[in-house]
Amino acid sequence: MTLLRDMRYPTPHELSLAARMLVDEHPARAGLRQAGVSRAGRPLWLLSVGEPDPGGGRRQVLVVAGAHANEPVGGATALELARRVVRDGGGGAGWHFLLCADPDGADLHRTPRPHSLLDYHRNFFRPPGPEQPEWAPSLLAPDRLPPETRALTALIAELRPVLQVSLHGTDLGGSWVQLTRDVPGLAEPFVKSAAELRIPVETGASDAAGWASPGPGIFVMPEAGAGPAGAFHPEDTRLSTWCHAGTTAIVEVPMWASDLVDDPAPHPDPRGALRMLARRLTEDSGLVAALRGGARGTDAGSAALLRAVDWTLGLIPRIAAEWTGAGAPAEATAAAVGSIDAFGRRLSLRAAAMLLRVLRAQGHPAAPGLDRLVTGWCEEFAARYQARWVPVATQVEHQARTVLAAYERL
């Protein structure tokens, strides 16, 4: 096994430069074109790799990176996959890589090489759901979709991929895969790769609560009307761009690993734990909400941050109600409760971190106190989960292996 040298997360501009270099080196097997523009006019670049296809009958694979601004590993993985396809042929398919689906968001969230969760949150940004390219169709009418979403759906319609892969990353936890349709046999290479690279498998991912799981860390989305879209998720995944392709795999990999999300032991009191987590989430978010009124969106960046703060805070009452309602599970593994705990912690922390950016820039007197709160929450989060950094090269290797395994088994 040969790993890439350790690296930092590339910016969208660096991704496009690296893609141009690959095209220059292999002009017969690679091409780069603009697939659309963002709301702010930034280009959306599509890197296409594969052998010439004069008959036009070749299968196509679409890989989407950067759909969530705070999950920067996907661009590096897309480039590594493109290089492997050039080298190895890509299984006879044409491979297409949307290098960054949300360059505007990536410009606001900066994570070159974080040394701690606090470093990660210092310049944190995650847009509200209606401004996220993949999620927007689950929240907006078709005539209100952002240009990034329209570009992505146009690509899917043009390519008609047999497989769409969306590259995602979590701040702290483990790795898991969500599928719109089962890919038999994927669990074996996925689990093997995770074990070799010392990445925990998130066996109770809160994003896929209630979904069928044909293997450790593999979750299959229920069809409409057949079950929950994700009991603890704010949007209905079945209305996202994931469901515009025949089969979509969403591959998550952690920045910091925690073995607590890979514990199969039964939790002694899931409902009691969820009640406690709901109380903490409500109290923590209340601390952030109390400071929200002192911030003003004086420019495009601060306005975007505050929209995201408001969106995040607005989700919390519904989530807390779900955790304490009749649908809360009577039985669950320690891994599942650990995943829900982490989900709740990051909601309040993200809202606080984004609000802090605005207050600090405006010289608000509440900024130092909020800074101490964000620092304490980051330290507590890392300590509770015994977080250990996963080198970027290792994140990329596991994600790339999982993508290739999904295509091979499909």
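The protein chain contains 11 helices and 10 strands. The model is a predicted one.

Start with overall size. The C-alpha trace spans about 60 × 50 × 45 Å along its principal axes. The radius of gyration of the protein chain is 20 Å. A compact globule of 410 residues would have a value near 22 Å, so the chain agrees with that expectation.

Next, the interior and the surface. Of the 410 residues, 59% count as buried; the cut-off for that is under 20% relative accessible area. The chain exposes about 16,200 Å². Carbon and sulfur atoms supply 54% of that area.

Contacts along the sequence come next.

Now zoom in on one helix pair. Two packed helices are described by the angle between their axes and the distance between the axes. Here the pair is helix 1, residues 12-25, and helix 2, residues 73-88. Their axes come within 10 Å and cross at roughly 5 degrees. Angles under 35 degrees count as roughly parallel, so helix 1 is roughly parallel to helix 2.

Which residues make the contact? Helix 1 contributes Leu-15, Ala-18, Ala-19 and Leu-22. From helix 2 come Gly-75, Ala-76, Leu-79, Ala-82, Arg-83 and Val-86. By class, the residues of this contact divide into eight nonpolar, one polar and one charged. Gly counts as polar and Arg as charged under the scheme used.

Definitions and conventions: Residues numbered from 1 in each chain as written. Predicted model: local features only at pLDDT ≥ 70, side-chain atom pairs only at ≥ 80, totals over all residues. Heavy atoms only, no water. Axes fitted to C-alpha atoms, helices over the stretch in contact; angles between N-to-C directions. Helix = DSSP H or I, 4+ residues; strand = E, 2+ residues; numbered from the N terminus. Parallel < 35°, antiparallel > 145°, perpendicular 65-115°, else oblique. Contact = heavy atoms within 4.5 Å. Rg over C-alpha atoms; globule rule 2.2 N^0.38 Å. Buried < 20%, exposed > 50% of the residue type's maximum accessible area, 1.4 Å probe, protein only. Areas by Shrake-Rupley, 256 points an atom, 1.4 Å probe, with all protein chains shown as cover.
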